Amino acid sequence: MSEEQKTITVSLKVNRRTWELFSKTASERGVSKSRLFSDMVYKNCWIDRREVTGKAVTCMECFRQLAENGDLESAKAAGKAGEELCQSLLIR
């Protein structure tokens, strides 16, 4: 049996809301929770709220500077898209 085929059993303690969101995500993607977990770990795909917050602030600051130095309409559109993306990331 290859190393990739070997498995271990783990036990996690998470709050109910987190588990419900995780289960919902697995269902929406049509994968098992085990598969979703391993894919997240393998792809280094999780959200660090502090990191996202810091990057959101940097992003919004860039949009503010763009508005001050250039095309106001484009800056507003970019700022709105960035704001929505950041909110989406922070909520999940």
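Leucine 36 is buried, with a relative accessible area of 5%, where buried means under 20% relative accessible area, exposed over 50% and partly exposed in between, computed with a 1.4 Å probe on protein chains only. This is a predicted model, in which local features need pLDDT of at least 70 and side-chain atom pairs count only at pLDDT 80 or more, while totals for chains, interfaces and linings use all residues. Residues are numbered from 1 along each chain as its sequence is written, and side-chain values use heavy atoms, with hydrogens and water left out.

Leucine 36 is found in helix α2; helices here are DSSP runs of H or I with at least four residues, strands are runs of E with at least two, and both are numbered from the N terminus. Not counting residues up to four places away in sequence, leucine 36 touches Phe22, Thr25, Ala26, Arg29 and Val31, a contact being heavy atoms within 4.5 Å. The C-alpha atoms of leucine 36 and alanine 77, which are 41 residues apart along the chain, are separated by 34 Å.

## Overall form

The protein has four helices and zero strands, and along the sequence these follow the pattern α-α-α-α. Its radius of gyration is 19 Å, well over the 12 Å that the globule rule gives for 92 residues, so the protein is more spread out than a compact globule; the radius is taken over C-alpha atoms, and the rule is 2.2 Å times the number of residues to the power 0.38.

The C-alpha trace spans about 60 × 30 × 25 Å along its principal axes. Buried residues make up 11% of the 92 residues, and of the contacts with a separation of 6 or more, 30% are accounted for by residues 24 or more positions apart.

## Helix α1

Helix α1, residues 16-29, has 14 residues and reaches 20 Å from its first C-alpha to its last, close to the 20 Å expected at 1.5 Å a residue, the expected span being 1.5 Å times one less than the number of residues. Phe22, Ser23 and Ala26 are buried in α1. Seen down the helix axis, the buried residues of α1 fall within an arc of 95°, so they line one face of the helix; the arc is that of the directions from the helix axis to the C-beta atoms. What covers these buried residues includes α2 (33-42), whereas Arg17, Ser27 and Glu28 are exposed on the other side of α1.

At the start of α1, a side-chain oxygen of asparagine 15 reaches to within 3.2 Å of the backbone nitrogen of arginine 17. The helix is followed by glycine 30, whose phi is positive, near 70°.

## Salt bridges

Side chains of opposite charge can pair when their charged atoms come close. A search of the whole structure finds two salt bridges, each defined as a side-chain nitrogen of Lys or Arg within 4 Å of a carboxyl oxygen of Asp or Glu.

Lysine 24 forms a salt bridge with glutamate 28, with the closest N and O atoms 3.9 Å apart; both residues lie in helix α1, four residues apart, about one turn of the helix. Glutamate 28 is exposed, with a relative accessible area of 58%. Arginine 35 forms a salt bridge with aspartate 39, with the closest N and O atoms 3.3 Å apart, and both of these residues lie in helix α2, four residues apart, about one turn of the helix. Aspartate 39 is partly exposed, with a relative accessible area of 23%.

Terms used:
A polar contact is a pair of N or O atoms within 3.5 Å; within protein, one must be able to donate a hydrogen and the other to accept it, and residues adjacent in sequence count only if both atoms are side-chain atoms.
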